[in-house]
Amino acid sequence: MPLPFIAEFFWVGIPGLPSAWTTLKGLVAIAIISAVKWLCIGATNTSERKLHSKVVMITGGTSGIGAAIALDLAKRGAQLVLLVRQSPKDLFLIDYIEDLRERSGNELIYAEQVDLSSLHSIRLFATKWIDNAPPRRLDMIILCGSTLTPPGKPRVLTEEGLEKSWMVNYLANFHLLSILSPAIRAQPPDRDVRIIFATCSSYITSPAIGDGSDALTTKDWTPAKAYARSKLALLIFGQAFQKHLDAYKRPDGIPMTARVIFVDPGYCRTPGMRRWLTRGSLWGLAVYLVFWQNIWLLLKSPEGGAQSFLYATMEATLGRGSGGKLIKECRELEFARNVKDEDAAKKLWQGSEKLIEEVEKREAVKRALRKKEKESEKAQQPAEVPSKSGTATSDTKKNASKSRKQRKTK
Ligand SMILES: NC(=O)c1ccc[n+]([C@@H]2O[C@H](COP(=O)([O-])OP(=O)(O)OC[C@H]3O[C@@H](n4cnc5c(N)ncnc54)[C@H](OP(=O)(O)O)[C@@H]3O)[C@@H](O)[C@H]2O)c1
């Protein structure tokens, strides 16, 4: 009985239902789509670690992958310090933190204003942090903040005159970690400190870094090259920073327990990726929406992208042995390009220090001049008030006669 029924279903079909061939084609299509989706979702983190009482500093925690990491870590009880560009009084930021606290059931989340496009803003925050005595607890620094100029858009300079991708993606991290280095080295020897850098496979295609004292020249600059170069510089610096930490001789003689880990999240549907795909334009957004199902199929969700970061924060084996490892799809990978060249790292480090020193000096002079101008403007204001000798400007004379009239009418 069932066999003739199945045969009839395949060869004739069931009245009112699509033919067996159509059904089969539909099933095959669903199977292919499911397989592609399954492949593109990527690996899921299975490592666990108790995060209660751990202090985690995170950049880029307000959007995309960084926001997904922040939510997961907050749910696990970590104390989060979000480094954000907005002022802590910003209403959207207040709302975002309230929401994060509510969704995670964790009140230990707060924000510090650190504009990654400003060396001055980074210095203000980092010096305040290291000024704490005794040194503040710091278990992890997750560096997810980044920027990406959409293709076809012009080269953007920060207010301090630095190319934006170079500044936000590389120099900001260099500056932040250089200042925070004493606070990292001062952590007790039994603390497993992890410094996690977000990287991207685009570094493989990057042009040469040079001495890093400047971003790409206008002639050579393209958004893709600038982004790739900033990511390659970050990898080279990260390796050098690990060496810098390892070289530190602790007073107690115990080896350094802070480790650098690089994480490549894979391609994800984040606001940053959307800006890139839509070229930051409305027509681009329209095309993006039309092809949204393809984007959904091929790209990971921000939560999917966060998995390798969560693995880097929690995997026990990463808290042992040497640092400087690359994690992708929740496993260790080899670098596809030499990022451990000591000469290149030395040149980059010295060039970056020189660039920062120049810019900070120049900006300090500008700030001092602005302050002076403001002070002299203020100093001029009291001159308009009647002096002791009784002389007054025409305005103050007018005001005085006006108030006399008012007193008379009363
Ligand atoms: N998405 C991908 O497919 C992909 C692939 C490979 C690697 N990655 C890397 O993964 C990381 C996260 O990527 P994503 O796509 O999730 O990024 P995203 O959505 O573009 O978010 C970038 C984050 O950086 C912050 N940020 C940007 N400029 C800043 C500034 N001047 N000061 C302070 N914060 C600033 C943003 O803050 P606001 O919220 O205030 O804008 C935001 O929180 C990045 O390092 C990226 O390079 C991403």
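In helix α3, Ala70, Leu71, Ala74 and Lys75 meet Leu100, Arg103 and Ser104 of helix α4, where meeting means a contact, with the C-beta atoms of two residues, placed from the backbone, within 7 Å. The residues of this contact divide into four nonpolar, one polar and two charged; Ala, Val, Leu, Ile, Met, Phe, Trp, Tyr, Cys and Pro count as nonpolar, Asp, Glu, Lys and Arg as charged, and the others, Gly among them, as polar. The model is a predicted one, in which local features need pLDDT of at least 70 and side-chain atom pairs count only at pLDDT 80 or more, while totals for chains, interfaces and linings use all residues. Residues are numbered from 1 along each chain as its sequence is written.

How do these two helices lie against each other? The axes of α3 and α4 (residues 91-104) come within 9 Å and cross at roughly 45°; axes are lines fitted to C-alpha atoms, for helices over the stretch in contact, and angles run from 0 to 180 degrees between N-to-C directions. α3 is therefore oblique to α4, as angles under 35 degrees count as roughly parallel, over 145 as roughly antiparallel, 65 to 115 as roughly perpendicular and the rest as oblique. The crossing of α3 past α4 is right-handed, that is, the near helix is turned clockwise from the far one by less than a right angle.

Turning to the ligand, 26 residues surround it, the closest being Gly60, Gly64, Ala198, Thr270 and Gly272; a residue counts as near if its C-beta atom, placed from the backbone, lies within 6 Å. Two or more residues of this shell come from each of α3 (64-75) and α8 (271-277). The shell comprises 12 nonpolar, 12 polar and two charged residues.

For the chain as a whole, there are 13 helices and eight strands, taken as DSSP runs (helices H or I, at least four residues; strands E, at least two) numbered from the N terminus. Of the 410 residues, 34% are buried, meaning that 20 or more other C-beta atoms lie within 10 Å of the residue's own. Among contacts between residues at least 6 apart in sequence, 76% join residues at least 24 apart.

Technical notes: Buried ≥ 20, exposed ≤ 12 C-beta atoms within 10 Å, placed from the backbone.
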